[in-house]
Amino acid sequence: MLKRIYAIFRARNLEFIRDRGSMSWNLVLPVALMFGLSFIFGDDRAEYTVGVVQDASAIDATEHPFLDTRYVKFVAVGNIQDGQRKIGRHQLDLLVEFGDRPQYWINPDSPKGYFVEFSLLQADAEAGNRITRSQIEGDPIRYVDWVLPGILGMNMMFSSLFGVGYVVVRYRKNGFLKRLRATPLRAGEFIAAQIASRLILTVVLTSFVFLGTQYFLDIRMEGSYLALLVVLVAAAACLISMGLMISARVTSEELAGGLLNLVTWPMMMLSGVWFSLEAAGEWVRLIASMFPLTHALQAARAVMLDGAGLVTVLPQLTILLVMTAVFLVLGAFIFRWHPR
Amino acid sequence: MPIALEARNLVKKYPGVLAVDDVSFEVQEGICFGLLGPNGAGKTTTVEIMEGVTPATSGEVWYYGSPAGKKFREEAGIQFQNTALQDFITVKETLQMFQSLYNRQSDIEHIIEQCSLGELLDRDNRKLSGGQRQRLLLGVALVNRPRLVFLDEPTTGLDPQARRNFWDLIKRILSEGTTVILTTHYMEEAEILCDEIAIMDSGKIIIQGTPKDLLNQHYKNVIIELPMDDFSADLSTIKHRVLETQGVIEIETDDVNESLRQLTAVTSGLNRMKIRQPNLEDLFIDLTGHNLRS
């Protein structure tokens with residue numbers, strides 16, 4: 001029995017080791033992620049983001065003991081209205097203004113705001129209990145309202161990238177693509193059919209989940225459903241095209257998995273799915289701006305939370321469309337019907 | 001008869017391997033052309049170049065007097081050696097899907113009848129047996145009412161009964177005037193189906209012609225076969241060409257009476273003796289020095 005187990009064990013190991021692409025990705029991916037994460041978040045990872053109303057961009061930590069709190073990232077906010085809007089949309093966990101009349105603003109529906117408020121009040125006790133709590137203007141947004149587009153977007157991302165990428169690689173590996181190659185079907189037509197199929201499935205399923213959650217959780221919807229549908233279609237098309245481009249030449253499912261993880265993980269962490277990138281550095285935001293999911297979520301939240309129309313989200317839609325075109329052209333150009 | 005397909009000086013190089021070495025031949029319309037050779041001879045690569053799925057390093061493929069292109073793709077039917085089909089799709093859906101890829105279309109009902117797929121129409125592709133699967137793949141190759149069909153080792157892996165049933169299908173296709181290009185390493189298959197053959201070895205065509213002409217050109221003799229166990233004396237007394245293959249002694253002779261007299265002297269008996277005409281397998285061994293299925 002052991003002999004048989006060993007025979008299979010050895011064969012599988014050889015298969016894995018000799019598939020250089022997969023082997024490389026299994027080594028490169030975790031290392032790249034580790035370095036990337038440590039670079040993005042640093043040793044002193046900030047769990048909370050607090051806006052400080054002031055003109056200068058540099059925060060003076062001697063102004064109040066709260067500003068010396070660990071695991072809190074303090075960002076300068078130019079004016080109170082802007083800060084309040086960010087509090088309302090969970091981009092900031094708390095907003096403080098020191099000076100002659102210290103005060104702070106909090107979103108009563110923010111779990112993180114609740115905890116960071118404790119730290120503020122404790123630090124303020126040391127400073128003489130001068131700070132006052134103020135109500136934010138406008139209607140605060142619940143965290144669930146803010147995070148739902150992120151969760152739906154993330155689900156769409158995985159469905160689009162893995163759903164299309166893996167299928168194409170499997171078709172290539174088992175010779176189905178080679179069979180199609182022998183027909184009048186062209187690469188562009190095959191890609192278009194894959195996109196159309198996955199697009200309809202993704203849009204229908206995401207719409208269904210959105211409407212269900214909206215009904216049961218009373219999700220906030222300020223804008224028009226049509227605008228949201230347009231954003232959804234543009235985002236799905238972009239992510240599916242990205243999946244097709246990634247799988248355009250790959251012949252190993254394991255390598256495809258590595259490549260897809262390489263794009264999905266950073267997108268999941270940096271596109272604003274779970275938390276706002278308000279506290280992130282400029283270069284992190286720059287990287288995030290290269291991901292389609294970032295623009296898709298910005299547009300979806302603008303429609304759902306701020307009631308933005310199509311004109312307002314036109315910049316994000318344009319970026320998504322341009323990215324889709326680039327992915328499609330590249331994908332069709334490098335597409336390979338069968339392994340060489 | 002017009003020339004349906006022509007290979008002109010096809011060459012295919014892979015790193016360190018010359019898979020196809022300056023191969024040229026013509027296929028007349030309406031015939032069954034067999035490309036024979038052992039595994040690794042280069043016949044599948046040659047056929048895939050002609051099918052347009054593998055680019056040649058050099059050389060050209062012509063279809064009815066023009067370089068093979070759009071018209072060829074529309075009019076050629078192809079059955080690969082190994083083709084996966086989509087899971088969770090039925091036989092009928094598979095035929096319909098492939099048919100939709102062509103402007104030129106067959107009557108699906110005719111294909112279903114021709115390939116005996118009637119009872120399988122609603123069956124998932126995953127649940128087909130080897131023979132059923134090959135029949136479906138042949139059906140897929142016929143959905144565009146092809147003028148030319150490539151069949152790449154279509155009966156490999158099938159049991160003898162399924163193989164013979166498949167030969168009947170190919171004969172039906174041929175009877176409708178379709179040109180067939182068949183690759184195989186089954187000599188019996190080639191002799192039964194092919195009007196013309198080309199034998200490949202090490203990337204080259206080593207001989208080409210009708211099976212009958214090739215055998216007539218190379219053999220004026222018959223072959224006597226006798227198990228080696230039946231020999232009781234030295235074979236050197238036999239005056240004709242002697243070959244030993246897998247425990248059987250083959251004697252190629254133009255004088256059976258004389259050979260039988262010689263054999264009587266060196267064997268324990270002739271009860272297990274067979275006398276037969278030379279076949280393509282013999283021709284291949286004579287030409288290349290090794291067995292066709294090696």
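Helices here are DSSP runs of H or I with at least four residues, numbered from the N terminus. With that in hand, let us work through some exercises on this predicted model.

**Exercise 1. Find the helix that holds B:Val140, and decide whether this residue is buried or exposed.**

Step 1. Look at chain B: B:Val140 is found in its helix α5, which covers residues 130–141.

Step 2. Count the neighbours. There are 25 other C-beta atoms within 10 Å of B:Val140. The cut-off for a buried residue is 20 or more, so B:Val140 is buried.

Step 3. See what B:Val140 touches. Not counting residues up to four places away in sequence, its contacts are B:Thr94, B:Leu95 and B:Phe98.

Step 4. Compare sequence with space. B:Gly77 is 63 residues from B:Val140 in sequence, yet their C-alpha atoms are 7.8 Å apart.

Step 5. Helix α5 of chain B lies across strands β6 and β7 of that chain, and runs at about 160 degrees to β6(B).

**Exercise 2. Trace the six-stranded open sheet of chain B and name its edge strands.**

Step 1. Write down the strand order: β6-β7-β8-β3-β9-β10, with mixed pairing.

Step 2. Look for strands that pair on one side only. These are β6 (76–79) and β10 (204–209) of chain B, the edge strands.

Step 3. Follow the twist, which averages 15 degrees from one strand to the next.

Step 4. Zoom in on one pair. Strand β9 (residues 196–201) of chain B joins β10(B) in the antiparallel sense, over five bridges. Within β10(B), B:Ile205 is the residue opposite B:Met200.

**Exercise 3. Now move to chain A and describe how helices α8 and α11 meet.**

Step 1. Two packed helices are described by the angle between their axes and the distance between the axes.

Step 2. Helix α8 (residues 225–246) and helix α11 (residues 292–306) of chain A have axes that come within 10 Å and cross at roughly 170 degrees. Angles over 145 degrees count as roughly antiparallel, so α8(A) is roughly antiparallel to α11(A).

Step 3. List some residues of the contact. Among them are A:Val231, A:Ala235 and A:Leu239 of α8(A), and A:Ala296, A:Ala299 and A:Val303 of α11(A).

Step 4. Sort the contact residues by kind: 13 are nonpolar, with no polar and no charged ones.

**Exercise 4. Which residues have the most contacts inside the largest nonpolar core?**

Step 1. The core has 63 residues, and those with the most contacts inside it are A:Val231, A:Ala235, A:Leu239 and A:Val303.

Step 2. Ask which element gives the most: α8(A) does, with 15 residues.

Step 3. Leaving aside neighbours within four places in sequence, its contacts include A:Ala300, A:Val313 and A:Leu317.

Step 4. Finally, look apart from this core for another one, of 61 residues, including B:Leu148, B:Ala190, B:Ile197 and B:Phe284.

Definitions and conventions
Residues numbered from 1 in each chain as written. Chains lettered and ligands numbered in written order. Predicted model: local features only at pLDDT ≥ 70, side-chain atom pairs only at ≥ 80, totals over all residues. Pairing = 2+ DSSP bridges. Helix = DSSP H or I, 4+ residues; strand = E, 2+ residues; numbered from the N terminus. Axes fitted to C-alpha atoms, helices over the stretch in contact; angles between N-to-C directions. Contact = placed C-beta atoms within 7 Å. Parallel < 35°, antiparallel > 145°, perpendicular 65-115°, else oblique. Nonpolar A, V, L, I, M, F, W, Y, C, P; charged D, E, K, R; others polar. Core = buried A, V, L, I, M, F, W, Y, C linked by C-beta atoms within 7 Å. Buried ≥ 20, exposed ≤ 12 C-beta atoms within 10 Å, placed from the backbone.
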